[in-house]
Amino acid sequence: MTNPTRLAILVALLLLLPATAYGAGLAQERWMGGAEPSTQGAATAADPAPSRGATFERPVRPARPARQPVAPAPAPIEPAMVPGPTLLGPGAEGEEVRDLQARLAQIGWFSAGVTGFYGDVTVASVRGFQAKREVPVTGDVDRRTLDRLLAMTREPSTDELHPERVVAPAPSAALDPRCLVGTALCVDKTTATLSFVVDGQVRTTLDARFGGASTPTREGLFTVQRMSRDHVSSLYDTSMPFAMFFSGGQAVHYSPDFAAVGYAGASHGCVNIRDHAAIAAIYDQVSIGDRVVVHRS
């Protein structure tokens with residue numbers, strides 16, 4: 001081979017080497033995931049292809065948000081117990097109240113004596129029973145209260161319902177003859193007693209206190225003129241429960257003072273009784289027009 005020929009071949013090879021190198025680089029870029037020259041021309045110019053041996057980092061996934069603690073569901077709130085409609089309440093009277101009082105007495109919640117009148121003592125007893133049995137505490141008897149009471153007690157006997165009828169009677173010979181007719185409150189100043197008499201039979205006898213020297217209790221035969229269960233004296237501003245008036249302002253009634261100090265005091269002319277339950281029971285059996293006899297035996 002002549003020298004000119006060799007020279008021509010060498011020139012041709014020198015011209016082909018840049019194109020070959022460019023083609024190889026383009027192929028490598030495409031194989032590595034590079035962009036097409038037509039769409040990535042500006043990026044290629046600014047960011048030349050990495051040289052051989054360069055490392056590539058994988059894209060980092062965003063971190064998952066921390067799991068928040070879940071608060072426990074609140075415990076269900078039990079609805080508050082609501083009292084039912086009132087079946088018996090303050091001011092009620094009669095056999096149903098007697099039955100209520102007798103049943104409460106059987107389980108130790110009532111000790112004032114069965115009267116048949118729903119007063120403050122009965123209210124307090126019912127409230128105590130309700131509080132003990134987790135019943136809404138109102139002092140009134142609703143269906144729930146009555147059902148609890150019936151489940152814990154038995155049917156009251158006649159003596160339990162009417163304890164005033166089982167008191168040992170006083171001898172009839174000690175009575176004033178005027179006390180032996182109909183229903184009478186027989187007041188004996190000598191023995192300081194009041195006897196409740198029906199058709200000549202003494203139902204009960206109670207301690208009694210009378211007026212002092214300046215305001216004596218009048219003696220004689222009278223009748224019950226008016227009655228006031230929760231009477232308060234307008235003259236002396238004192239409580240006179242179960243008042244049965246027989247002579248003007250003089251009456252047979254319960255006296256808190258007599259209950260507290262006994263015979264150390266005196267009334268202003270009334271016949272004082274200190275047994276609350278007993279006089280309440282008598283009050284329920286007396287009517288206007290019944291006799292009141294104040295005498296000395």
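Buried residues have under 20% relative accessible area, exposed residues over 50%, and partly exposed residues fall in between (1.4 Å probe, protein chains only). The legends below describe a predicted model, in which local features need pLDDT of at least 70 and side-chain atom pairs count only at pLDDT 80 or more, while totals for chains, interfaces and linings use all residues. Residues are numbered from 1 along each chain as its sequence is written, and side-chain values use heavy atoms, with hydrogens and water left out.

**View 1**
Asp 199 is exposed, because its relative accessible area is 58%. Asp 199 lies in the loop between E2 and E3; helices (H or I, at least four residues) and strands (E, at least two) are DSSP runs, numbered from the N terminus. Glu 134 occupies the loop between helix H4 (120-132) and helix H5 (143-152).

**View 2. The largest nonpolar core, with 26 residues.**
A nonpolar core is a set of buried Ala, Val, Leu, Ile, Met, Phe, Trp, Tyr and Cys residues joined through side-chain atoms within 4.5 Å. Leu 185, Leu 194, Met 244, Val 252, Val 271 and Ile 282 touch the most other members. Among the elements that give two or more residues to this core are strand E1 (183-188), strand E2 (193-198), strand E6 (239-247) and helix H8 (276-283). H8 supplies the largest share, five residues. Contact means heavy atoms within 4.5 Å. Leaving aside residues up to four places away in sequence, Ile 282 touches Leu 185, Leu 194, Phe 196, Thr 204, Leu 206 and Met 244. A second, separate core of twelve residues includes Val 97, Tyr 118, Val 141 and Leu 146. In soluble globular proteins, nonpolar side chains tend to be buried together.

**View 3. Aromatic pairs, of which the structure holds four.**
Rings of Phe, Tyr and Trp (its six-membered ring) pair if their centres lie within 6.5 Å; planes under 30 degrees apart count as stacked, over 60 as edge-to-face and the rest as tilted. The ring centres of Phe 222 and Phe 246 are 5.3 Å apart and their planes stand at 55 degrees, so this pair is tilted. Because Phe 222 belongs to strand E4 (residues 220-223) and Phe 246 to strand E6, the pair ties together parts that are 24 residues apart in sequence. Phe 222 counts as buried at 16% relative accessibility, as does Phe 246 at 1%. For Phe 242 and Tyr 283, the centres are 5.7 Å apart and the planes are at 65 degrees, so the pair is edge-to-face. Phe 242 lies in strand E6 and Tyr 283 in helix H8, so parts that are 41 residues apart in sequence are tied together. Both Phe 242 and Tyr 283 are buried.

**View 4. An aromatic cluster and charges over rings.**
Ring pairs link Phe 117, Phe 242 and Tyr 283 into a cluster. A charge sits over a ring if NZ of Lys or CZ of Arg is within 6 Å of the ring centre and within 35 degrees of the ring normal. The charged end of Arg 229 sits over the ring of Phe 117, 3.9 Å from its centre. The charged end of Arg 226 sits over the ring of Phe 245, at 3.8 Å from the ring centre.

**View 5. Helix H3, with Asp 99 and Leu 104.**
Asp 99 is part of helix H3 (residues 95-106) and counts as buried at 19% relative accessibility. A polar contact (a pair of N or O atoms within 3.5 Å; within protein, one must be able to donate a hydrogen and the other to accept it, and residues adjacent in sequence count only if both atoms are side-chain atoms) of 2.9 Å joins the side chains of Asp 99 and Arg 103. Beyond residues up to four places away in sequence, Asp 99 touches Glu 155, Pro 156 and Leu 161. Leu 104, also in helix H3, counts as buried at 1% relative accessibility. Its contacts, not counting residues up to four places away in sequence, are with Trp 109, Phe 110, Ser 125, Val 126, Phe 129 and Leu 149.

**View 6. Confidence along the protein chain.**
The pLDDT, the predictor's confidence in each residue from 0 to 100, averages 81 in the protein chain, and 74% of the residues score at least 70. Confidence is lowest in helix H2 (residues 37-46), at a mean of 45, and highest in E4, at 97.
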